[in-house]
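Open the model in your viewer and keep the selection tool at hand.

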Amino acid sequence: MNTDSEDAELEQILDGIGPRLRRLRRDRGLTLEALAATTGLSVSTLSRVESGKRRPTLDLLIPLARAHRVALDQLVAAPASGDPRVHLRPVHRGRGSVLVPLTQYPGRVQVFKQVLAPRPPDLVTHEGYEWLYVLAGRLRLILGARDFTLQPGEVAEFDTGEPHWFGPADESAVEILHLFGPRGDQAVVRAGPSTTGPTPAATPVPPSTTP
């Protein structure tokens, strides 16, 4: 049986979803019309949810989470305020690989620390722009027909619209920092070629001109 405090907490959570959705949409530079076209929801429905005049339900939140490329729980509960520290939550993937998100609120560029276990190359393409920095081990990066090996301290960045794959260059795991912009956003930081190791992979690949 729900207590009055539980009811009040639920009301507070529901009341916070609308303003969070509006802030998230504006942070991404989207109009209600553009979001409606992406989600299939009407402009009036989106406006009523953002203003708190309509309670958000799963059939509304799921397409919104997909459109904003965030987890559903990020729409329901805001990150803890007052503490700037990111509480690391490693995600263990198959074959010994680990992904550690280093950003806690959805933004234009997401930052991860990754430990990649040996795996066979499997080139993929998708929308976005990636920036990789090798912390430890040796990273193999395949871009189309080109094949590079990065040493610790070397950097690569590329448009993910080009067929690509990256992973350990040998039988040992590799540890990297990984910045990913879902709409082709570029990382501001750029690094020059290493003076001690192979240089081709440190040369940035020009980004796509398509937004």
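Select helix α2 (residues 32-39) and helix α4 (residues 58-68): their axes come within 9 Å and cross at roughly 105°. Axes here are lines fitted to C-alpha atoms, for helices over the stretch in contact, and angles run from 0 to 180 degrees between N-to-C directions. Angles under 35 degrees count as roughly parallel, over 145 as roughly antiparallel, 65 to 115 as roughly perpendicular and the rest as oblique; α2 and α4 are therefore roughly perpendicular to each other. Helices (H or I, at least four residues) and strands (E, at least two) are DSSP runs, numbered from the N terminus.

This is a predicted model, in which local features need pLDDT of at least 70 and side-chain atom pairs count only at pLDDT 80 or more, while totals for chains, interfaces and linings use all residues. Residues are numbered from 1 along each chain as its sequence is written, and side-chain values use heavy atoms, with hydrogens and water left out.

Now show side chains at the crossing. L35, T38 and T39 of α2 are in contact (heavy atoms within 4.5 Å) with P63, L64, A67 and H68 of α4. The residues of this contact comprise four nonpolar, three polar and no charged. In this count Ala, Val, Leu, Ile, Met, Phe, Trp, Tyr, Cys and Pro are nonpolar, Asp, Glu, Lys and Arg charged, and the others, Gly among them, polar.

Next, select L21, L46, L64 and L75, which have the most contacts inside the largest nonpolar core, a set of 16 residues. Such a core consists of buried Ala, Val, Leu, Ile, Met, Phe, Trp, Tyr and Cys residues joined through side-chain atoms within 4.5 Å; buried means under 20% relative accessible area, exposed over 50%, partly exposed in between (1.4 Å probe, protein chains only). At least two residues of the core come from each of α1 (4-27), α2, α3 (43-51) and α4, and α4 gives the largest share, five residues.

Centre on L75. Leaving out residues up to four places away in sequence, its contacts are I17, R20, L21, L24, L61, L64, A65 and V70. Then move to L116, L141, F148 and F166, which are included in a second, separate core of 13 residues.

Finally, colour the strands. Six of them form an open antiparallel sheet in the order β1-β2-β3-β9-β4-β7, where pairing requires at least two DSSP bridges between two strands. β1 (91-92) and β7 (155-159) are at the edges with a single partner strand each, so one side of each has no neighbour in the sheet. Zoom in on V91, which stands opposite L99 in β2.
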